[in-house]
Amino acid sequence: MENNQRAQWGSNFGFLMAAVGSAVGLGNIWGFPYKLGANGGFAFLLIYLILVVVVGLATMLGELAIGRITGKSAVFAYRDLAKKWTFLGYAGVAAGFFILAFYSVIGGIVIRYMVSFLLEMFKSGAGFLGMGSGEYFGYFISNAGGSIFFHALFMAITILIVMGGVSGGIEKFCKFAMPALVVILLIVIIRSITLPGAGAGLAYIFKPNLEPLSTLSGFFSVLRTAAGQMFFSLSLGMGCMITYGSYLSKKENLMTNSIFICIADSTVALLAAIAIMPAVFAFGLEPGGGPGLLFVTLHEVFTSGMGGFVGSLFGFLFYLLVFFAAVTSSISLLEVCASFFIDKQQLEGKKADRKVISGIIGAIIFVVGIPVAMDGLGGGSIIKETFWFNKWGFIDFYDLISEGILMPLGAALMSVLIGWKLKTKIISDEVAASGKGIKLKAYKFWDICFRFVVPIGMLLVLWGQFLDFGLI
Ligand code: PHE
């Protein structure tokens, strides 16, 4: 059916689950909880939420609207609106391509941990070979064959879902996975906050700590961290929401949908912090972020901390949750790439075979991800020492191209295009298409966001990324 007619979401709820699924990902789990605690607790939370409202929400609305106005995925959407800006669409496809290449390697490790905890439930030592958390993680990532195998498995799952189509694959999966994720998250939270000593973890994430904000440079550093986290977490700046918006019916309300996605993503990030940090502190472990938190510290929580069958059960549930979060994001990344080729074929009057296209693109991304898997997540390897960008491992390199440069630039230029060239009215007209428009006062708010706040916010992120990657 999708061959000659453009795909559409089956329902608004399905669209919301897919969009929230894209937003809720590894970023919410291994990024937000630690950044929240390390950058001022409640003070960080406030800054984060303000940024979501003044930068994230406008960008979300802008992207969804661009998709729906044109009814096309990123590249062709920009081409229709302003031919000279087509490169923004290509930048988005490239960003999605590189993010997925490393995201899938991590998704593979998540599958391995999920399976291992399942095995541990039945027989101690069956899953993690009797190794401790740090030892096992080191063993796993230095074993290229295993990493590549699980990377392939994760990618295969992603491809299969995208092959199923927009409503038959992506929407169907997300409609099941997202509610399941929330239920598991609540179960894990109950366990975590009822552990003796959990209070220290809650204090870590909630107690306002103005220390990191006390100097001007400190303040800017917190602002950069919050802004960077916010826009990656909301899947902005790379055409994902344009693509998802392009499958949305004109009768759905873009404004309430954008608000819902932003609230849901922030809520899940906060819930993840409440699920993770109390347990980390209850067992006297050091809080952290990134792969170290996800695969070492939390492994320790479930094995040495909780221990036994219950520990393995919660370990399994937790990694299942992370798996759902990762897959619902990875399919949106593949969809951005695949939809470009699907739309291209259709616009040229050819039959577009979604299955073939997603299979080929997915396979190419898999190959591009292999060095990340061989590289031990950048943990020091031949590759790292041989290539010219030896400062980073492949994962950092791909991350730099996508999250570091293409995404913030993409979001900044998108809002410049809307605010200065096309004018904000194009958005308010599109919002009005579903019946309810933007009231006059609110219009001023969005106009200021598109013209000034979003571009400045994104340049701040870009500057922060350059600093973080040691480029300046
Ligand atoms: N938002 C996802 C996360 O938090 C990552 C992502 C970025 C997914 C861009 C799709 C597009 O992990």
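Angles under 35 degrees count as roughly parallel, those over 145 as roughly antiparallel, those from 65 to 115 as roughly perpendicular, and the rest as oblique. The structure described here is a predicted model, in which local features need pLDDT of at least 70 and side-chain atom pairs count only at pLDDT 80 or more, while totals for chains, interfaces and linings use all residues. Residues are numbered from 1 along each chain as its sequence is written, and side-chain values use heavy atoms, with hydrogens and water left out.

Helix α7 (residues 144-163) packs against α14 at an angle of about 60 degrees, with the two axes 9 Å apart; axes are lines fitted to C-alpha atoms, for helices over the stretch in contact, and angles run from 0 to 180 degrees between N-to-C directions. Helices (H or I, at least four residues) are DSSP runs, numbered from the N terminus. The helices α7 and α14 are therefore oblique to each other. In this contact (heavy atoms within 4.5 Å), F154, I157, T158, I159, I161 and V162 of α7 meet F323, A326, V327, S330, I331, L334 and E335 of α14. These residues comprise 10 nonpolar, two polar and one charged, where Ala, Val, Leu, Ile, Met, Phe, Trp, Tyr, Cys and Pro count as nonpolar, Asp, Glu, Lys and Arg as charged, and the others, Gly among them, as polar.

Two further helix pairs follow. The axes of helix α10 (residues 216-233) and helix α19 (residues 440-468) come within 9 Å and cross at roughly 105 degrees, which makes α10 roughly perpendicular to α19. On the α10 side the contact involves F220, L223, R224, A227, G228, M230 and F231, and on the α19 side M458, L460, V461, W463, G464, Q465, L467 and D468. By class, this contact of α10 with α19 has 10 nonpolar, three polar and two charged residues. Helix α3 (residues 42-70) and α17 pack at an angle of about 70 degrees, their axes being 10 Å apart, and are therefore roughly perpendicular to each other. Here T59, G62, E63 and I66 in α3 meet A411, M414 and I418 in α17.

Not counting residues up to four places away in sequence, L294 touches L26, I29, W30, V110, F318, Y319 and V322.

I109 lies in helix α5. At 1% relative accessibility, I109 counts as buried (under 20% relative accessible area, with exposed over 50% and partly exposed in between, for a 1.4 Å probe and protein chains only). Leaving aside neighbours within four places in sequence, I109 is in contact with F137, F140, I141, F295 and L377. The C-alpha atoms of I109 and P291 are separated by 9.9 Å, although these residues are 182 residues apart along the chain.

Most residues other than glycine have a negative phi. L129, in the loop between α5 (86-122) and α6 (133-142), has a positive phi of about 55 degrees although it is not a glycine. At 45% relative accessibility, L129 counts as partly exposed. K423 is placed in the loop between α17 (394-422) and α18 (425-432), and its phi is near 80 degrees, a positive value in a residue other than glycine. At 46% relative accessibility, K423 also counts as partly exposed.

How values were computed. Helices (H or I, at least four residues) and strands (E, at least two) are DSSP runs, numbered from the N terminus.
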